[in-house]
Amino acid sequence: MLTEEFKSALTRSFPSVTIDEKGQYPVLRIDFTYGHDLLDFLKKETVPHFQKLECISGVDWIDHLEVVYHLDSPDINETIVVKVIITNRESPVTYSVTDLWKGAELLECEVYDFFGVRFLNHPYLRRLFLTEDWVGFPLRKDYVDEINMIKL
Amino acid sequence: MPELETITETGEYILNVGPQHPATHGVMHLRIKLDGEIIESIEPVLGYIHRSIEKMSESLTYRQLIQMTSRMDYLSAHINNTGVALTIERALQVEVPQRALVVRTILAELTRLASHQLWWAATGLDLGAVTPFFLGFRDREVITTIFEEVCGSRLTMNYIVPGGLMEDIPNGFAERVNKFLIDFEHHLPEYDQLLSDNEIFLARNVGIGILSKEEALSFGCSGPMARASGLSCDVRKWHPYDLYSSLEFNEVLLTQGDCYARYKVRIREMYQSIRIIKQLINQIPEGEYQAKVKKIIKLPEGEYYERVETARGEFGVYIISDGKSSNPYRIKYRSPGFSNLASLSALATGGNIGDLVAIMASIDLVIPDIDR
């Protein structure tokens with residue numbers, strides 16, 4: 001669980017962040033413009049540091065897209081979830097965290113491939129699993145493919 | 001795809017390894033830029049066997065989608081199944097019977113042994129030693145036969161369901177496992193005799209493909225790969241599940257971070273797995289093998305993230321449920337192979353092309369785990 005000290009440090013630096021502690025892990029929600037800065041802050045400045053990036057997942061909530069970062073702190077063995085919210089579905093962008101974690105490079109390519117979120121400052125953003133000429137982003141909820149998709 | 005020519009303007013040679021290549025252990029494609037024999041960069045080209053398990057799972061019920069995970073890292077099928085079952089159980093707050101937990105832990109460790117044996121066999125073969133391949137499969141065959149007796153399947157088990165086990169274990173399970181352990185403990189020193197101290201093997205592994213602890217953390221490496229670099233990350237210790245919190249075993253840590261350290265970690269892990277199984281196999285309690293869970297499972301609204309330690313590292317399951325339907329709204333798997341693969345370019349760049357096979361063997365990639 002998060003301490004009051006931690007939460008006040010967080011809201012002082014990022015007034016727009018919302019903290020949700022009802023679920024399994026604490027969840028921080030923030031607009032994409034501050035996403036990179038918040039992750040940078042959590043990795044380097046806060047006590048404890050959240051140095052380990054577990055995974056990056058994309059989620060399509062129909063009215064907006066979300067990029068979810070699971071961070072781990074080996075110091076206190078706690079997990080925190082950061083959700084970066086992107087409201088522009090037509091050309092979604094957010095900032096890449098490849099400068100913070102090298103492993104983010106392939107993870108971000110995967111999110112781009114399936115959700116179409118472009119990561120700014122990414123060294124080589126590309127279709128990772130699908131071919132370069134693939135139309136659409138398959139893991140979005142509105143994706144339709146009459147031929148290849150089997151509906152159960 | 002950029003640079004389709006084999007020779008670039010500046011004179012580097014582009015070499016394609018795979019998708020059909022015995023050393024990639026599956027359908028993976030590497031585009032390697034070479035300057036003479038020195039690797040300048042490596043780009044993995046993925047997706048040849050991508051089945052989009054995550055998308056498929058969105059239209060499957062929880063009891064159905066658990067079976068998909070056997071097809072990801074097929075050498076850790078039991079452990080993958082446990083990962084999803086664990087997420088569902090913790091979300092529903094189901095208490096799993098003791099008998100099921102004991103059997104699950106034994107099967108998970110047998111899976112780890114079988115996986116490490118296959119890795120050992122294939123590592124030998126990759127580096128030109130054919131005998132290990134036969135010896136590794138000799139022992140693995142016994143474990144897969146035990147699995148077949150337990151659940152009728154040798155590779156894609158689907159034996160672990162939310163709430164416990166699908167069926168009770170067969171009679172004579174403990175005797176068979178005990179007999180295997182006695183045999184295998186005699187065989188394990190042979191592994192060392194054959195390969196571990198072999199001069200050619202040492203020359204090809206010691207000091208090759210060094211990964212520092214900082215890099216291992218930065219790349220999100222896990223499993224034997226990270227532990228060979230001194231990064232403590234064993235999920236069984238950090239986030240205990242099943243019975244691991246009450247068992248005695250050590251997390252194997254080495255600090256050299258080269259191919260040989262990764263080899264050593266896996267060999268030593270096999271001894272720890274034997275140790276775990278021995279603590280449980282003669283004390284399988286009587287009782288129920290499955291808790292009562294509804295046929296159609298609906299998770300409460302919210303999100304759940306759980307992790308387990310497969311033979312390759314940390315396997316995470318992230319489920320988002322809308323609380324209304326019997327399918328997940330979104331499911332995401334954090335597969336260990338994908339993060340370990342990310343470190344490949346750092347390991348091999350600047351090295352010799354001949355070392356690439358040794359490095360790939362030491363990462364222990366399973367391609368369906370990467371191409372989910």
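**Close-ups from a predicted model**

**View 1. Tyr318(B) finds its bridge partner in strand 10 of chain B: Lys332(B).** Everything shown here and below comes from a predicted model. Strand 9 (residues 314–321) and strand 10 of chain B run antiparallel to each other, paired over five bridges.

**View 2. Zooming out, we get an open sheet of three strands in chain B, ordered 8-9-10 with antiparallel pairing.** Strand 8 (302–309) and strand 10 (330–334) of chain B sit at the edges with a single partner strand each, so one side of each has no neighbour in the sheet. On average, neighbouring strands are turned by 10° against each other, ignoring direction. Helix 3 (residues 77–92) of chain B packs on this sheet, where it touches strand 8 and strand 9 of chain B. The direction of helix 3 makes about 145° with that of strand 8 of chain B.

**View 3. Helix 4 (residues 98–126) of chain B meets helix 11 (residues 259–281) of chain B, their axes coming within 9 Å and crossing at roughly 155°.** That angle is over 145°, which means the two helices are roughly antiparallel. The crossing is left-handed. By type, the contact residues split into 11 nonpolar, four polar and four charged.

**View 4. Where chain A meets chain B, 25 residues of chain A and 27 residues of chain B take part.** On the chain A side, strand 3 (52–60) and helix 3 (104–115) are the elements giving two or more residues. Strand 3 of chain A gives the most, with six residues. The chain A side comprises 12 nonpolar, seven polar and six charged residues.

Definitions and conventions. Residues numbered from 1 in each chain as written. Chains lettered and ligands numbered in written order. Predicted model: local features only at pLDDT ≥ 70, side-chain atom pairs only at ≥ 80, totals over all residues. Axes fitted to C-alpha atoms, helices over the stretch in contact; angles between N-to-C directions. Helix = DSSP H or I, 4+ residues; strand = E, 2+ residues; numbered from the N terminus. Parallel < 35°, antiparallel > 145°, perpendicular 65-115°, else oblique. Left-handed = near helix turned anticlockwise from the far one by under 90°. Nonpolar A, V, L, I, M, F, W, Y, C, P; charged D, E, K, R; others polar. Contact = placed C-beta atoms within 7 Å. Pairing = 2+ DSSP bridges.
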